Amino acid sequence: MILTAILVAIVGALSAIYMWFQQRHSYWKRNGVPYIEPTLILGNTLTVFKQKSSFGLHISEIYNDPRMKDEAAVGIYVINQPALVLREPELIKSALIKDFNRFSNRYGRSDPHGDTLGSQNLFFVRNPEWKEIRTKLTPVFTSGKLKAMYPLMQEIAADLESHLARHNPGQTEKYISDLKDICSRFTMDSISAIAFGVNADSLQNPKGEFYEQGRKVLTATLLRSKDFFVAFFLPKLVSLFRIRFFTREYSDFIRNTINHVMDERERTATIRNDLIDVLVGLRKEAAEDPTKPHLARKKDFLVAQAGVFVTAGFETSSSAMSFGLMELAKQPELQKRLRNEIHEALLKDGGKLTYETITSLEYLGMVVDEVLRMYPVLPFLDREYMSIKGTPDLSLKPYYDYTLEAGIPVFIPVYGLQRDPKYWRNPNEFDPERFSPENRKTINAMAYQPFGLGPHNCIGSRIGLLQAKLGLVHFLKNHYVRTCSETVEDIEFDPNTFVLQLKKGLYLEIVNDKLYDDSTKNFVMLPLWMYLLVLIALISYLRLLHSYRYFRRHNLPYLPVSFWTPLGHLKKLLFLRISFGDLFENIYANERISEEKCAGFFIFQTPALIIRDPKLIHLVLIKQFDSFLNRYEAADAVNDVMGSLTLPLAKYHHWRESRQCMSQLFTSGRMKNHMYPLLQQVLQDLEQHLQRKMGAETQRVLPLSEMCQLYTTDVTGKLFYSSDVGGLRYSYSPLRHEAKKLFKPSLMKVLHFMSIFFLPHWAAYWRAKVFSKQYSKFMRQLVSRHSDHHQGDLIHLLKQLQLNRPHNHYVQHPDFIASQAGIILLAGFETSSALLGFTLYELAKQPLLQQRLREELGKAFREDSHSKLSYEMAVSLPYLKMICLEALRLYPAAAFINRECTTNQSEGFSLQPHVDFVIPAGMPAYISILGLHRDAKYWPNPLHFDPERFAPERLESIVPMTYIPFGAGPHGCIGSRLGMLQLKLGVAQILRLHRVEICEKTVPNIRFNPKTFMLESMDEIYLRFCRDPC
């Protein structure tokens, strides 16, 4: 009887379990979504459990299932959990980018109790903590930081060369080795050096602890396979099974190592601009206010970020390198082409490629991109769908009549997408030509994502790419690879790991042909007649040596420069590799002078100062203005009278009188009563222009530059020339057209601008001109057509000045009025338009800030019956002001300013007691406003857009002279108040009826254009405009 009852109970329980699984496994059928038939209990994971395939590759097998080839998505079951495999690019874009706020978490997790390193790192941590961590860590991965790390990476690359040479002295005997092992040792040494300042010594020491511990994390074993499977696909059970992403041994090792490095970094106050600096900064933030919640106070939070950085950093690059070498070994002609490109570059750069060179090698980039297409390190992406309170859930229409439910995981088969014949011809063939400049344009963005896409993409992708490229360069410098008897013929991936790894070792024969070393030994004796040239070169060298030792002779800290270049610190600028703003920011932020109040550098061979201390800046710009009356740049008063008369370039005796006259345009009364009504007319045109661009659409992706430039040139025309330009109405502005033509780069314009700004004494020799002939003619015509009936504008004001001065006065020159009119247009065109675009870009990236601003604007507009902001309202809106002030911090109107020492004292101007140095008359002193505004010493997390810095209660804490977006002192920008008002109104008018969002065409980071003087984006900024009245 008891036995019968037990059997009945067992049968009942099994029946209940069976029915429950049947009900769960009918989910997709009930919801009308195509699906792969599951097996009982295991769902669609039977293949993984049998260890026939890893889950990541199994997802791609489902993607490639012939029954699903025309489907947008496929339903599967991870054990009992319904999940979606996305196939359609638009759905993939929705999950990764467009609707990121609904898919901001990965599905995978690690045990928060037993594996604090795994659960709290950037890879697994969930929103909103993820966003906060990502924002804090992003500064480590900027291009500037990458350049600073590059010399350290080169040292490790030299170790790689030594390792290969030591094991393979020549061609007499075969050298066969596991390429994955070599490449992993290189990337481990590299990532340890650049991220933590630690010498891992993996290439020298076969049993190096860093390498051994890092390798164990991803080593395929049955136990690790279980951990990875539960972490990624049964995340609700991670605590039950005590799942660890990092092994206990690795956790102890990395915890001890990183805590020791952070302690030492704090003790010695060393700054290396690496990941450890960021982590130390977070620890200090947490210690400053113990009562305030801070992530850094969580156990192992800081170490967790370092742990995942090591694992991801060395695995990604080493895989790309080793798989790349394998494919090159199979196709010797491709390897030869790549080695030729590398060899030529090495010869040009003297055996060590500069950062600019390695990032510009076209075929190397093509090879690496193709490797990452065929062998993405992470063959799948996972996201978890989240509902948003108060908004309907996301629907799969028009593909399926199904609405996603909270908690549903979605998987993106990166490997399958990147080998889909629909997007890639002969997808299993290694062909770098897919990524040639002309072929790149045809690539579907969603079908190529080796580092993921959208806000959750790999934060260290650029470091990974650079490591792989550098490793390949130094590997192939004196060696080539070829297949051997131990090389696997058929690729078979390990089913026990979640990353893409070969099941067996990647063995190739490495041949040392000393391609580079032998070529550098071949030299030719110079002909006798060339010794004269050598002598001239020697004399030039000695002259440069004397010039470049100026600051050493005067005991002032300075940035050294190569004695072989006459360009000083301007090389990158002259070759259009960095912008003016970036140049002076880099000089300001250079580690050598980071603790100095001022330091020396060289403009060509001319000694110049960079002023870093706020008190010294106040001294030069304001307190001792009489000793720094002029800007350093100058136009030739004989050959370029028009340029020399402009307000920025005029010397003090002319500048003072012109400034006093033109200042009458910018009084608060005149701005309110005369300019503001005219601005309202332009704002109406701006609104109508945007409506025409939107058409009948509620959303449309638009470029910003044209609209912003039309807006600012319309404002300039109406306020200063009494000209109704109508650029916004007709989508064409003659003012914009002429300004763009003037800024269009050419060799002659570059020479002219460089001589005006950096060699002003040579301006006459070069016959350099500020304005082109065409632009000068245009401005003269504009002045001549000006009607005397238009009173109160710039032209009328300057005509009145001429009437009140004698006939031989400088203002009577025929080009005096045209010169001021011309420079006013350029200042507004370049500065104001770019700033408006930058502000909208930052607001699009941070929707919560935009929402708060639009709420403030909506309330203000509703208070006016005509839906217009009054002058008083425009200047007083607190959050609008905070937004604009922060925009001007990140993107100051003037990225740098300078002053020329004009003291009458024969010995010069002394900087004592601040600095023991005397500035001689004629020496230029530069102030990097961009550097000041982005200095973490004054602005915590300086690259983050945070309007709260300018909250009324925090204004008093801003260090004087660390925020000067328009300059300061008598030489400060004359139109700063108008520029601020114009920015406020432009932002307010656009956001009154529209919301801006980032889109797939939005650049992830702003790069400044090296071809323009002011700060301007190198790339067009695209945003999605959404009709949404506030």
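Predicted model: local features only at pLDDT ≥ 70, side-chain atom pairs only at ≥ 80, totals over all residues.
Phe-309 tells another story. This residue is part of helix H14, residues 301-330. Its relative accessible area is 12%, so Phe-309 counts as buried, the limit being under 20%. What does Phe-309 contact, once neighbours within four places in sequence are set aside? The list runs to Phe-141, Ile-191, Ala-195, Phe-196, Leu-275 and Ile-463. The fold also brings in Ser-192: 117 residues separate Ser-192 from Phe-309 along the chain, yet their C-alpha atoms are 9.4 Å apart.

Arg-224, found in helix H11 (residues 222-233), is buried as well, with a relative accessible area of 6%. Its side chain has polar partners. One is the side chain of Asp-227, joined to that of Arg-224 by a polar contact of 3.1 Å. Another is the backbone oxygen of Phe-245, which the Arg-224 side chain reaches at 2.4 Å. Phe-245 turns up again among the residues in contact with Arg-224 beyond four places in sequence, alongside Lys-216, Val-217, Thr-219, Arg-244, Phe-246 and Thr-247. As for Lys-180, this residue is 44 residues from Arg-224 in sequence, and the C-alpha atoms of the two are 20 Å apart in space.

Terms used. Residues numbered from 1 in each chain as written. Heavy atoms only, no water. Helix = DSSP H or I, 4+ residues; strand = E, 2+ residues; numbered from the N terminus. Buried < 20%, exposed > 50% of the residue type's maximum accessible area, 1.4 Å probe, protein only. Contact = heavy atoms within 4.5 Å. Polar contact = N/O pair within 3.5 Å; in protein donor to acceptor, adjacent residues only side chain to side chain.
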